[in-house]
Amino acid sequence: MKPEALQILLADDDTDDCSFFKDALESLSLATHLTIVHDGEQLMHLLVAGTSKLPDVLFLDLNMPRKNGFECLEEIKRDKKFALLPIIVFSTSFDQDRVDLIYENGAHYFMRKPAEFLQLKNIIHEGLRRIVQDFSAGNRTQPAKESFVIM
Amino acid sequence: MYTQNAKELNLANKELAFQNEEKEKRADELIIAKYARSLIEASLDPLVTISAEGKILDVNEASIKVTGVPREQLIGTDFSNYFTEPKKAQRGYQQVFEHGFVADYPLTIKHKDGNLTDVLYNASVYKDDKGNVLGVFAAARDVTEQKWAIDLKIANKELAFQNDEKEKRAAELIIANEELAFQNDEKEKRAAELIIANKELAFQNNEKEKRAAELLIANKELEAFTYISSHDLQEPLRKIQTLVSIIIEEESKNLSDNGNYNFQRIQLAAGRMQLLIEDLLAFSRINTTERKFEETDLHTIIEEVKAELRDTIHEKQATIEATDLCPANIIAFQFRQLLYNLISNALKFSKNDIISRIIVTSSIVKGSKLNNPKLSSENDYCHISIEDNGIGFEPRFSERIFEVFQKLHGKEVYAGTGIGLAIVKKIVENHNGIITATGELNKGAQFDIYIPVATN
């Protein structure tokens, strides 16, 4: 585990979902710092502007206005600057074809937004755990497809 | 002496006068004979006299001409030598001897050079003073020209007949041509009609293509609509569930028992709604997504389904047997959904007191052996059967269970949205097949699926 707080960036337009995420994260009592953006354009601006330091992980919602998660994912991965940014895609529905597409576009992990708060806490915890594990192993590339979906 | 001389002179004069008379008689006879001869020679008809033995006694110039043989060679030879049918000639003059004459007896005279002359013979016997038959006198009438005339007449008759026939044929030909012209007219009319029909057909095809294109767009829109609406429905639902779960977790001590219980019921209801939306989404997706048929090993699909249902299978201690499954021409992802639904049902509706046993079999059968009005007797079908030993159902519901939202049990007894079998039936229909359900209460159920082996 890194001594500094884990820099987490969350991109989600839904204020309820953002507050759920924040609450879940806080209840995990990990050293984290959360930044929230509410649409795709905001996200890209933030990333492009903040070239000094990339976040440690980006939780990316797919359904956002103006620029949705898909487009952001493509744009981010096209840019070499962001090649090492781990992205965890967050979505309400699970569709195998979409999941495959998201994997092909370079996301690290995929999570389906759960219906229960407790589950939400669990999968955020699991996602962060895996990211940190990858860091320590010196592995910042996309994991294998079998580990792609976090249930 | 003088008187003797006068007597002798008188006698001599009488003798002389007698001689002179005889001479004059002879001279007269000679003139007659010459006259007769001239007549004979002048005749254009070949004249001939024939002896009783059939030898030529005398001929005229015309005979010489027609035979091409000189007089000296003709005389004394057999009359019948100079004919194409010597025996007929002989019979001819025999008839003269018998009857005294013969009239218009046809023969053909042969010239030395080979030329033939058709003649008609008229002959009669001639007798001496005492009535003895000396021979036959025969005259030949050249009938070549008459024969030609007759032949010509026949030829003309034949020609007239042929012309008549020709005119009849010409008349028939005119009728035939008129008929042909009429047929051609009809053909052109048909061709014109055909052109119009083809134009109409091309137009219809165009319309069909437009409709097909519109349908494609409509389907895509429906797909998008369905996805978006189910997704949009899922969002607030999930929020409800999350918020309720937060309340239950954090506020349970602040709520009465009733309050807690109510929130739990909200959670259950929301959970059911979620399943419903997911099932509806799956149901609509079956219609609107692309259908790609592939030859697939059913074993692979069964294994994937078993993996998905691993926990339930373990919990029910169930066995799923599937051996010797023939490959089938199917839309893989749809068929996976189908088998998942059927097997998950079999597990759900299993009996509690015995080990659940599910048997999946498949084979190829001929349509003609199946005797089902919905199946073509000309096609081969892949028959897939899923049999279980669960709680079964009453036979009178064997068709209702495939309807959307039709359940045979209350939701408290057996969970479920009532769409599972409707989805199964839709998938079977997508494969141009049929599905039947047979069962008895408490004696298990069997689902039989028939899908054509070749893609239509």
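**View 1. Polar contacts between chain A and chain B.** In this predicted model, seven residue pairs, both members at pLDDT 80 or more, are in polar contact between chain A and chain B. On the side of chain A that touches chain B, helix 1 (15-27) and helix 5 (117-136) each supply at least two residues. That side of chain A comprises five nonpolar, three polar and nine charged residues.

**View 2. Extent of the interface between chain A and chain B.** The size of an interface is often given as the accessible area lost when the parts come together. Between chain A and chain B, about 1500 Å² is buried. Carbon and sulfur atoms give 49% of this area. Chain A contributes 17 residues to the contact, and chain B contributes 17 residues.

**View 3. Salt bridges between chain A and chain B.** Five salt bridges are counted between the two chains. One salt bridge pairs B:Lys239 with A:Asp14, whose closest N and O atoms are 2.6 Å apart. Over all chains, the count comes to 39 salt bridges.

**View 4. The salt bridge of A:Arg112 and B:Glu278.** The closest N and O atoms of A:Arg112 and B:Glu278 are 3.2 Å apart, and the two residues form a salt bridge. Because A:Arg112 belongs to strand 5 (residues 109-112) of chain A and B:Glu278 to helix 6 (residues 257-288) of chain B, the pair joins two chains.

**View 5. Helix 9 and helix 11 of chain B.** Two packed helices are described by the angle between their axes and the distance between the axes. In chain B, the axes of helix 9 (residues 332-348) and helix 11 (residues 420-430) come within 9 Å and cross at roughly 145°. The crossing of helix 9 of chain B with helix 11 of chain B is left-handed.

**View 6. Residues in the contact of helix 9 with helix 11 of chain B.** Helix 9 of chain B takes part through residues including B:Phe335, B:Leu338, B:Asn341 and B:Leu342. Among the residues from helix 11 of chain B are B:Leu421, B:Ile423, B:Val424, B:Ile427 and B:Val428. By class, the residues of this contact are eight nonpolar, six polar and no charged.

Note on methods: Residues numbered from 1 in each chain as written. Chains lettered and ligands numbered in written order. Predicted model: local features only at pLDDT ≥ 70, side-chain atom pairs only at ≥ 80, totals over all residues. Heavy atoms only, no water. Axes fitted to C-alpha atoms, helices over the stretch in contact; angles between N-to-C directions. Helix = DSSP H or I, 4+ residues; strand = E, 2+ residues; numbered from the N terminus. Left-handed = near helix turned anticlockwise from the far one by under 90°. Contact = heavy atoms within 4.5 Å. Nonpolar A, V, L, I, M, F, W, Y, C, P; charged D, E, K, R; others polar. Buried area = accessible area lost by both parts, 1.4 Å probe. Salt bridge = Lys/Arg side-chain N within 4 Å of Asp/Glu carboxyl O. Polar contact = N/O pair within 3.5 Å; in protein donor to acceptor, adjacent residues only side chain to side chain.
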